Every structure is written in C-alpha cells, then in structure tokens.
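Reader: I have a chain to look at and would like to go through it step by step. Please show it first.

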Amino acid sequence: MPAITHGMDIAQVQQLGTQLMARSEEVKTAASQLQGLLDGTPWLGPEAEKFREEWNGTHMAALNQVAAALADAGQRAQIHASEQESASNQ
C-alpha cells in the first residue's frame, strides 16, 4: 500500500482517538490513586499542609488539564475520522 500523502487512514485515526481517550482515563485514575496515597500518608505540620495545598491546587489542576486535553484530542480525532468517512461515502 502506498504511503498516504493527503487525507487519512480513517481506521487509524479512529484508533488514535480511542487511545487518546483511554490515556485520559489513565491520567484520571493515576491522579485519584495518588490523591488516596497522599490522604493516607500520616504527615502533620506546616510542611505537610503546604505540600497538600500545592498538590490539591497546582498539581491536581495540571493532571486534570492533561486528562482534559487528551480527552479533547481524542474526541476531535474521532470527529475528523467520522467527517472523513462521511465525505468519502458521498
């Protein structure tokens, strides 16, 4: 099969979308597991409070942004594949 120079392999782009959305869920799961570890770690004092504030603010926000970006990219890939499939069937 010759290399595609324009357009897309619809099945591969659909698979890409699926994989991106799956990785989004993996990031969410990892964040939740890490939150559980932090919550279950006996650590008291000002440094612990500062660490938890940073985790619950900056770090969790960053993980949530990564998960959202992966999900968005996956959905967009799926949409592009569907649009290409529709255009090809006309």
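Reader: Where is the place of His80?

Author: This is a predicted model, in which local features need pLDDT of at least 70 and side-chain atom pairs count only at pLDDT 80 or more, while totals for chains, interfaces and linings use all residues. Residues are numbered from 1 along each chain as its sequence is written, and side-chain values use heavy atoms, with hydrogens and water left out. Helices are DSSP runs of H or I with at least four residues, strands are runs of E with at least two, and both are numbered from the N terminus. The place of His80 is in helix H2.

Reader: Is His80 buried, partly exposed or exposed?

Author: Buried means under 20% relative accessible area, exposed means over 50%, and partly exposed lies in between, using a 1.4 Å probe and protein chains only. The relative accessible area of His80 is 43%. His80 is therefore partly exposed.

Reader: What distance separates the C-alpha atoms of His80 and Gln12?

Author: Along the chain, His80 and Gln12 are 68 residues apart.

Reader: What length does H1 reach from its first C-alpha to its last?

Author: The expected span of a helix is 1.5 Å times one less than its number of residues. H1 has 31 residues, and the expected value is 45 Å. The span of H1 in the model is close to that, at 45 Å.

Reader: Which helix do the buried residues of H1 pack against?

Author: The buried residues of H1 include Val13, Gly17, Leu20, Ser24 and Val27. An α-helix has 3.6 residues a turn, so residues three or four places apart point the same way. The buried residues of H1 pack against helix H2.

Reader: Which residues does Ser24 touch, not counting those up to four places away in sequence?

Author: Contact means heavy atoms within 4.5 Å. By that rule Ser24 touches Ala67, Leu70 and Ala71.

Reader: Is Gln65 buried or exposed?

Author: Gln65 is found in helix H2. Its C-alpha is 16 Å from that of Gln35, 30 residues away in sequence. The relative accessible area of Gln65 is 57%, so Gln65 is exposed.

Reader: What is the relative accessibility of Asn89?

Author: Asn89 is found in the segment after H2. Asn89 counts as exposed, and its relative accessibility is 62%.

Reader: What share of the 90 residues of the chain count as buried?

Author: Over the 90 residues of the chain, the buried share is 20%.
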